[in-house]
Amino acid sequence: MSTRIFGSGIKRREDPRLITGKAKYTDDIKLPGLLHMAVVRSPHAHANIVSIDTSVAEAMEGVVAVYVGEDITLAPLPTAWLIPDSNLKTPDHPALAKGKVRHVGDGVAIVLANDRYLAQDAAEAVKVQYEVLPAVVDPEKAAQDGAPQLFNDVENNIAFRWIMGDKAASDAVFDSADIVVSDTIIQQRLLPTAMEPRASIAQYNSATNELTLWVTSQNPHIHRFIISGITGLPENKVRVIAPEVGGGFGSKIPVYADEALVSWASMKLNRPVKWTETRSENYQVTIHGRDHVEYVEMAANKDGKVLGIRATVYAGLGGYISTAAPGIPTFLHGLMYCGPYTIDNAYCESIGVMTNTAPTDAYRGAGRPEATFLIERLMDMLAKKLELDPVEFRRKNLIPKFENHTVATGVMYDSGDYIPALDKALAMAGYDDFRKEQAEARANGKYLGIGVTTYTEMCGLGPSQVAGAIGFQGGLWESAIIRVTPTGKVQAMIGSSPHGQGSETTLAQIIGDELGFPVDDIEIVHGDTNETPMGWGTYGSRTTPVTGAALAKASRKLKEKARTLAAHLLEAAVEDIEYDDGKFSVKGSPDKFQTIQDVTLMATLAWNMPEGMDPGFEESQFYDPPNFVFPFGTHIAIVEVDAETGAIELKRYIAVDDVGPQINPVIVAGQIHGGVVQGVAQALCEGVIYDDNGQLLTGSMMDYTMPRADMFPNFELDETVTPSPHHPIGVKGVGETGTIASTPTVYNAVLDALTPFGIEKIDMPFTSFRVWDAIQQSNNNGGS
Ligand code: MCN
């Protein structure tokens, strides 16, 4: 028997070019006659534009053109997730502001010049006179009467109000419950901070009316049809290429004004145009994540059975509604309110509110981390009130092992077996001994805490029918073409667009495993709309669940063709053909064989084919998944809080995740590491701060605290394996699990450590000052 390449932790083939600096990113592309674009950005969060004087900038040598909002003939940027039954407003989002700016960084003019620095200097020479208006940055305050209004036709700045569940039924559950706990949770804004900032280059060819756009995109095919819609060019005249993309974490899903503007300027001036954002621009105008003010409640009976969960969420959308923004605090959030628990009643009112801030959109986990956080917070609060151990309380309420189970939000989970993952994680953490250790430590003035999260999440976004029903203006299938060359080398063209996940390695492992070609002979081609079949993109941890399934199915079709051809060449019946380790042989005669390369060569030459078989060795496959996939697991954090300084040390982090079979355990571990770091960072250090005037105070890496390696212990990971019943190879997604589970895990651990002080709440992030201050304010700052 051959050793399977599926499940093997081979090294990421992407890494040599990435870590030696040889990879080519958008900004590395240089074209003859290139113009550079700089954007004149508003220093005010909310202001009327009184006048713009471009004369000085235009007169500068090397400046080719300066344009303001009124010059631009692009259609507004669209919102692509139109939440039904929510009274959704989608106010115009012009590529450059006209008459009014709505957040710091809003573009008011563009300068095109022969050199990047000159373009920037000229942008600074554009004189804009503003009439400054009062601003509002807090989503709850923005929704109140009398708050500054961003748009005349968006009353009280409320862009939508989405209701999930039945209010009367929820009231009945909460009114009759023995115990109700409630909290106000601030899900602070976060900056996605991909290592590569956004960039785009457009090259228009007036001879053919074709536009090529190189852009930092997670979904080039979506970029193509939106850019086509905005510019008016037919879709088949637009080619979008996402070269190497240095991370996105959701921030490279949307189509941004800058990308539309380089396209327009290139068409207008008939020269290639490039724009690359600075880190400050990245923080001002690239989407932010989270930004919820949540009023949350959970009800239980006195025996510890959870009866209901509900929340009112004010979700900050920013100054404009970004491409997928309305879907995040609604469907991707509320539908997960049951988590892994048997909760029979769930209700959510989510109010999308426009504020004078950068737009928000999908950031790693998108809606699901916020849901998991509030569930896990409330679970800990209820356990405390019921005087139950938080783990036993969770265990009591976990959904027993299942396949295809529908929860109260109406979502059908594909599969789950939660207890083994919980038990494994508890054993790894030594949970039973921890409380003793904690008590001893406390007696010595050391404050240890433990947080345990049991979670499930919804990823592998699809099927398309659901996308339609929930107002997503696109499909959620994927497609792939597997092509084998005469010399037996494989190219697999995919519509999705990996940008750091290692999928060039893992997707090759799927094909290698199914088809028997050596994995090094398999190339994954992605990121160019002219070279790849249609796909909806890489987000929602869907590439493996959806594209992976398309590749597995295409491989299986090719294997059957190869088997039939091999039988013909070996002069045997198809039923008698065995296939192992890349060789077809006749049962009982292992020495008589045809390799997969022999067979595919013959398919290409077509000299000797079975009757009726078409030549060539290529297959395409569209795949629309029947359901989402639902990975799950248990995460445990152990922390120590220094009561003198408020500093927190994350001492241990244990994660047992079930993502179905792991294609590549090393890559899965890497995804969990990165995800956990991002989630822990929300609990401990990250947070966007706007002042009341809408000025971004965390506008650089000097002010916005990114997590650093020295904050983390070695992660202790393990797995359980519960395949998805509807997926051809059973896999579930892993790209977001770490982020989803880790924030409440660390939050709950810190509050557990602070129990002796009677502290029940601190807003995230847990800066040393906040923790120290809470200890000072507590009734018991002696901590005994
Ligand atoms: N994988 C595996 N076995 C499984 C499941 C996944 O080996 N059972 C592997 C995959 O084949 C792939 C990786 O794990 O190499 C992640 O796969 P998947 O869960 O399908 O997620 P996607 O490829 O769709 O990536 C999107 C996901 C999301 S939504 C965000 S946000 C995120 C993330 O991936 N952004 C990232 N991880 C990131 N990693 C990097 N380096 N950069 C980002 O921007």
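# Questions on a predicted model

User: Where is Pro-765 found in this structure?
Analyst: The structure is a predicted model. A cis peptide bond joins Met-764 and Pro-765, with omega about -5 degrees. As for its place, Pro-765 is found in the loop between α19 and α20 (768–777).

User: What is omega for the peptide bond from Gly-462 to Pro-463?
Analyst: Pro-463 sits in the loop between β18 and α14 (464–469). Most peptide bonds are trans. The bond from Gly-462 to Pro-463 is cis, with omega near 10 degrees.

User: How far apart are the end C-alpha atoms of helix α13?
Analyst: Helix α13 covers residues 431–443, which makes 13 residues.

User: Within what arc do the buried residues of α13 fall?
Analyst: The buried residues of α13 are Tyr-431, Phe-434, Gln-438 and Ala-441. Seen down the axis, they line one face of the helix, because they fall within an arc of 70 degrees.

User: Which residues of α13 are exposed on the other side?
Analyst: The buried residues of α13 pack against several elements, among them α11 (390–397), α12 (418–429) and β26 (632–641). The exposed residues, on the other side of the helix, are Asp-432, Asp-433, Lys-436 and Ala-443.

User: Is Arg-368 buried or exposed?
Analyst: Arg-368 is found in helix α10. Leaving out residues up to four places away in sequence, Arg-368 touches residues including Leu-332, Glu-457, Glu-736 and Ile-740. Its relative accessibility is 2%, so Arg-368 counts as buried.

User: How far apart in space are Ser-86 and Arg-161, C-alpha to C-alpha?
Analyst: Ser-86 is in the loop between β3 (63–68) and β4 (100–101), and it is buried, with a relative accessible area of 2%. Not counting residues up to four places away in sequence, Ser-86 touches Phe-160, Arg-161 and Trp-162. Ser-86 and Arg-161 are 75 residues apart in sequence, while in space their C-alpha atoms are apart by 5.0 Å.

User: What is the phi of Asp-291?
Analyst: Asp-291 is found in the loop between α8 (279–285) and β13 (292–300). A relative accessible area of 9% makes Asp-291 buried. Most residues other than glycine have a negative phi. Asp-291 is not a glycine, yet its phi is positive, at about 70 degrees.

User: How much of the ligand's area does the protein bury?
Analyst: The ligand is surrounded by 32 residues, and α15 (503–515), α16 (543–569) and α18 (665–684) each supply at least two residues of this shell. A backbone N or O atom of Gln-501 lies 2.8 Å from an oxygen atom of the ligand, and one of Val-734 lies 2.6 Å from an oxygen atom of the ligand. Taken alone the ligand exposes 840 Å², and of that the protein buries 95%.

Key. Residues are numbered from 1 along each chain as its sequence is written. This is a predicted model: local features need pLDDT of at least 70, side-chain atom pairs count only at pLDDT 80 or more; totals for chains, interfaces and linings use all residues. Side-chain values use heavy atoms; hydrogens and water are left out. Helices (H or I, at least four residues) and strands (E, at least two) are DSSP runs, numbered from the N terminus. The expected span of a helix is 1.5 Å times one less than its number of residues. Buried means under 20% relative accessible area, exposed over 50%, partly exposed in between (1.4 Å probe, protein chains only). The arc is that of the directions from the helix axis to the C-beta atoms. Contact means heavy atoms within 4.5 Å. A residue is near a molecule or strand if one of its heavy atoms lies within 4 Å of it. A polar contact is a pair of N or O atoms within 3.5 Å; within protein, one must be able to donate a hydrogen and the other to accept it, and residues adjacent in sequence count only if both atoms are side-chain atoms. Accessible areas come from the Shrake-Rupley method with a 1.4 Å probe; for residues, only the protein chains shown count as cover.
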